[in-house]
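Reader: I have just opened this structure and would like a short tour. Could we take it one question at a time?

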Amino acid sequence: MSFSRLIRLSAEKKSIFNGKAIHARLIISGSDPDVQTNNHLLSMYSKLGHINYAQKLFDEMLVRNVITWTSLISGYSQLGLSEKALSCFRLMVLDDGIAPNEYTFVAAISACAQVGALRKGKEIHGKMYRSEETVNTFVNNSLINFYGKCGSLESARLVFDTMPEPNIVSCVSLIASYTQSGDNEEGLIVFLKLLRMGVEINEFLYGSVLGICAALEILKVGMQVQCIALKCGVRMDQFVVTALVNFYAKCGELELANRALREANKPNVAAWTALIGGYVQTGKCREAIDLFQEMLFAGLKPNEQTFASVLGAMGREKETRDGIHLHCSIIKLGFQSFTFVSNATLDFYAKIGCLDESFKTFCEMEVHDIVSWNTLIAGFLNSGRYVLAIKFIENMLLDGFDPNIYTYSSILSVCGDLPAAEWGKQTHCRVIKPGLDSNVVVGSALIDMYAKCGQLHNARKVFDFLPIKNLVSWNSMITGYAQHGFGREALEIYDIMLRCGVKPNDVTFVGVLSAYGHVGDLEAALQCFGSMTKDFGIAPRTDHLASVVSLYARNGQTKEAYDLIRSSRVEPNKVVWRSLLFGCVNNKDLDLAVLAAEKILSIDSDDVSARIMLSNIYSDSGMWSEASEVRKVIEGKTVKKETGYSWT
């Protein structure tokens, strides 16, 4: 067997030991290997990642041809050493005067794509067309990928449109170009055109389109694509399974995402991570943590994305001990070098109130990005450490980072909570200059801030100015009106929201039910309360129940209020029983008042306000001895009376 054949076999089996042994045998034999044998050696070293050996061999070669140069350029490009690859390409063309072939062009273009070198890539593209050779599909595919990664979508589309026979790789590359640039709609349009052209779907195209549907959260289209893929017999490999789980999770269909994972043959860690991330994004953090435990029991090792998602879940659930253990695992496995993992760690410690640990994590990070700063600032702002938070904002600016929409959102949130209307207005002025006031995240934060500060006319101005509104925008406006007693205005916004096709959530109904309370429309409130589950699949919470109970009680229908509490699946808390108690006191319903007070005291025996109200109703009913007994208990308590508040 020839040396060239042995070298190729070593490369195929990825055996650097055998390859070096053959190279050594060549040297010992004293024979002068020809250029073909040297090319095989150089290619082997490049493919196996030993680029230094490849370079040394290259330097010693007296005769080089286009294959020699292409092997070296490809080796550097595949290892991500793009500048070195492009330097070799220049030397090949200018110094040796060797004309590149299609493989050389692809290696050089791939290097340009890695570093986003648009100008250099265009120069190489021009050289291709000046050469006598016809640019084939293989080269065109690399050009589409290059232009897509550089964000030059028009050029990518032009290359695709001028191809005589684009293949499936061309289609996937073009769609990926649009999705990488955030233009998912155009990517979907391209896919639909390809279907009409009769292009067959494979697993890569299927996975890419599912990613588009996930990003756009268009469930029906994604399910139709799934049906087409099944009819075409697309193989359900790990890439497709992960894309399918991610699609359903991003669309909020967690049961279907779970089913896709369970029906797969040994799903990998990426599929598990996609499902865990879906549960975290929908606020089901306990289920996400349970899934993580199940994944570990299945023998799978978490990756950096898994750690980031699970830390987010543990922060929201205040799982301090498990979160700290997870942080230890991250350090042990070296995942803290990923900036987004360290950002998740920052956020975890901030959410459990360990700001010193959060700041320590920040200081230990090798690289900070805008998310790192935002997480640190938000953690201190939310904990009331305003002086330090402002100091961090100053340091962020000195470090060369400009505040983004999430920085401003955090600041505006605090301005609303304090409330600090003047600070909020100054921040509003700051976001107008870069045009961020039209952004839906900043706009929603502005609406919420002005509403909490009682400046509803300013909140409404921002709301009407927003070109695109999300659910937070609508909820902030509805809740703002309701909290300040403008029930009719809140219901007007809710009506417009439904006509716009926006689906309400549980927060929406808190504001709407409160608004019905202000206008005193019990019948409409009951219809709304029933429609939560019937029409929108939203399970009522205690604050929803408290609003309806309060409205019943204020209408003098305390018995109906009590019947609602008993028939509800929601476990009533102090707020619900207090709403009933207030109504009973006002309507002189002694029996139910005593019952409501006892329920409150069974939940919190130190609740003095409930005892005071119970004493007052005994006194109003002429039951002086019972009132005296309650007063004696109150005098024996050291707790203070709670400040009164209204839930409507």
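Reader: Are D607 and R578 buried or exposed?
Author: This is a predicted model, so the answer rests on computed areas. A residue counts as buried when its relative accessible area is under 20%. D607 and R578 are both buried.

Reader: Which kind of link do the side chains of D607 and R578 form, and at what N to O distance?
Author: A salt bridge needs a nitrogen of Lys or Arg within 4 Å of a carboxyl oxygen of Asp or Glu. The side chains of D607 and R578 meet in a salt bridge, with N to O at 2.7 Å.

Reader: Where do D607 and R578 lie, and how many residues apart are they?
Author: R578 sits in helix α35. D607 is in the loop between α36 and α37. The pair links distant parts of the chain, with a separation of 29 residues.

Reader: Which residue forms a salt bridge with K574?
Author: The closest N and O atoms of this pair are 3.1 Å apart. K574 lies in helix α35 (residues 574-586), and its partner is in the loop between α36 (590-603) and α37 (608-620), 30 residues apart. The partner is D604.

Reader: Why does K574 count as buried?
Author: The cut-off for buried is under 20% relative accessible area. K574 counts as buried because its relative accessibility is 18%.

Reader: What does D604 count as?
Author: Partly exposed covers the range between the buried limit of 20% and the exposed limit of 50%. D604 has 24% relative accessibility. Therefore D604 counts as partly exposed.

Reader: Which residues are linked in a network of salt bridges?
Author: K574 pairs with D604. R578 pairs with D607. The network is made of K574, R578, D604 and D607.

Reader: Where do K452 and D448 lie?
Author: K452 and D448 form a salt bridge, with closest N and O atoms 3.2 Å apart. They are four residues apart, about one turn of the helix. Both lie in helix α27 (residues 440-452).

Reader: How many salt bridges does the structure hold?
Author: One of them joins K452 and D448. Another joins K574 and D604. The structure holds 22.

Reader: Which residues does A117 touch, leaving out those up to four places away in sequence?
Author: A117 is in the loop between α7 (102-115) and α8 (118-130). A117 is buried, with a relative accessible area of 17%. In space, its C-alpha is 9.6 Å from that of S82, 35 residues away in sequence. The residues touched by A117 are C112, F146 and C150.

Reader: How many helices and strands are there?
Author: Helices α27 and α35 have come up already. The protein chain has zero strands. Its helices number 38.

Reader: What is the radius of gyration of the protein chain?
Author: The C-alpha trace spans about 120 × 50 × 50 Å along its principal axes. A compact globule of 648 residues would have a radius near 26 Å. The protein chain has 33 Å.

Reader: What share of the residues is buried?
Author: The accessible surface comes to about 32,800 Å², with 53% belonging to carbon and sulfur atoms. The protein chain has 648 residues. The buried share is 48%.

Notes. Residues are numbered from 1 along each chain as its sequence is written. This is a predicted model: local features need pLDDT of at least 70, side-chain atom pairs count only at pLDDT 80 or more; totals for chains, interfaces and linings use all residues. Side-chain values use heavy atoms; hydrogens and water are left out. Helices (H or I, at least four residues) and strands (E, at least two) are DSSP runs, numbered from the N terminus. The radius of gyration is taken over C-alpha atoms; the globule rule is 2.2 Å times the number of residues to the power 0.38. Buried means under 20% relative accessible area, exposed over 50%, partly exposed in between (1.4 Å probe, protein chains only). Accessible areas come from the Shrake-Rupley method with a 1.4 Å probe; for residues, only the protein chains shown count as cover. Contact means heavy atoms within 4.5 Å.
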